[in-house]
Amino acid sequence: MHKKKADPRPSWDEYFMKIAEVVASRSNCVRRHVAAVIVKDRHILSTGYNGTPHGVKNCFEGGCPRCAGVTESGSHLEECLCVHAEQNAICQAAFFGHAVEGATIYITISPCLTCAKLIINSGIKEVVYGGDYAFIDKVKDIFRAAGVKHRKFDGESVTCRKRQSTANEKTTTRKKTSK
């Protein structure tokens with residue numbers, strides 16, 4: 001009798017969360033890199049990362065005055081020009097005509113309350129997230145009330161990365177190491 005070999009591939013959750021981690025690297029926010037991947041029937045419908053809207057100067061170029069300042073995380077959010085990853089993923093799906101009803105969204109950090117409301121109203125039925133954001137208790141409550149499944153990713157740690165250096169610093173570092 002042959003023993004069944006263990007599947008060496010990542011689980012579907014690991015697969016989509018790793019993709020979200022790569023998508024987060026496209027973020028132009030100076031505060032943190034966050035991404036979302038919307039999936040239905042194991043197919044990617046849309047991705048999104050946080051940053052300024054189309055046509056607005058990138059956050060890392062000074063496009064968002066809040067992010068360029070010293071405002072404490074989670075405060076004065078109404079002043080931030082950046083669009084959240086979940087918002088971008090939902091907008092991209094709509095822009096390209098992909099219905100997200102019944103889909104799952106993979107996010108590198110738990111959604112804020114505003115994004116939770118958008119997720120609910122877009123028809124997404126499951127949220128898988130990496131790290132915890134400040135509003136997690138309110139978000140869990142509204143998801144429960146709306147019947148949206150939500151769970152923290154239990155695989156390898158995937159969280160949003162805070163930007164560690166500016167584009168100029170990276171260029172300088174690259175030049176020094178390429179000698």
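Student: Which residues of α4 are buried, and what does the word mean here?

Tutor: In α4, the buried residues are C115, A116 and I119, where buried means under 20% relative accessible area, exposed means over 50% and partly exposed lies in between (1.4 Å probe, protein chains only).

Student: What makes the buried residues of α4 line one face of the helix?

Tutor: Seen down the axis of α4, the buried residues fall within an arc of 105 degrees, the arc being that of the directions from the helix axis to the C-beta atoms, so they line one face. Keep in mind that this is a predicted model, in which local features need pLDDT of at least 70 and side-chain atom pairs count only at pLDDT 80 or more, while totals for chains, interfaces and linings use all residues. Residues are numbered from 1 along each chain as its sequence is written, and side-chain values use heavy atoms, with hydrogens and water left out.

Student: What covers the buried residues of α4?

Tutor: The cover includes α3, β3, β4 and α5 (136-146), with contact meaning heavy atoms within 4.5 Å. Helices (H or I, at least four residues) and strands (E, at least two) are DSSP runs, numbered from the N terminus. Just after α4, G123 takes a positive phi of about 95 degrees.

Student: How do you know which strands stand at the edges of the sheet?

Tutor: The 5 strands form an open sheet with mixed pairing, in the order β2-β1-β3-β4-β5, and two strands pair if DSSP finds at least two bridges between them. Because β2 (43-49) and β5 (149-152) each have a single partner strand, they stand at the edges, and one side of each is left without a neighbour in the sheet. From one strand to the next, the twist averages 15 degrees.

Student: Why is the aromatic pair of Y15 and F16 called edge-to-face?

Tutor: Rings of Phe, Tyr and Trp (its six-membered ring) pair if their centres lie within 6.5 Å, and planes under 30 degrees apart count as stacked, over 60 as edge-to-face and the rest as tilted. Y15 and F16 lie 5.0 Å centre to centre with 65 degrees between the planes, so the pair is edge-to-face.

Student: Is Y15 buried, partly exposed or exposed, and what of F16?

Tutor: Y15, with a relative accessible area of 38%, is partly exposed, whereas F16, at 2%, counts as buried.

Student: How do F95 and F96 pair?

Tutor: F95 and F96 form an edge-to-face pair, with 4.9 Å centre to centre and 80 degrees between the planes. F95 is exposed at 65% relative accessible area, and F96 is exposed at 53%.

Key
Axes fitted to C-alpha atoms, helices over the stretch in contact; angles between N-to-C directions.
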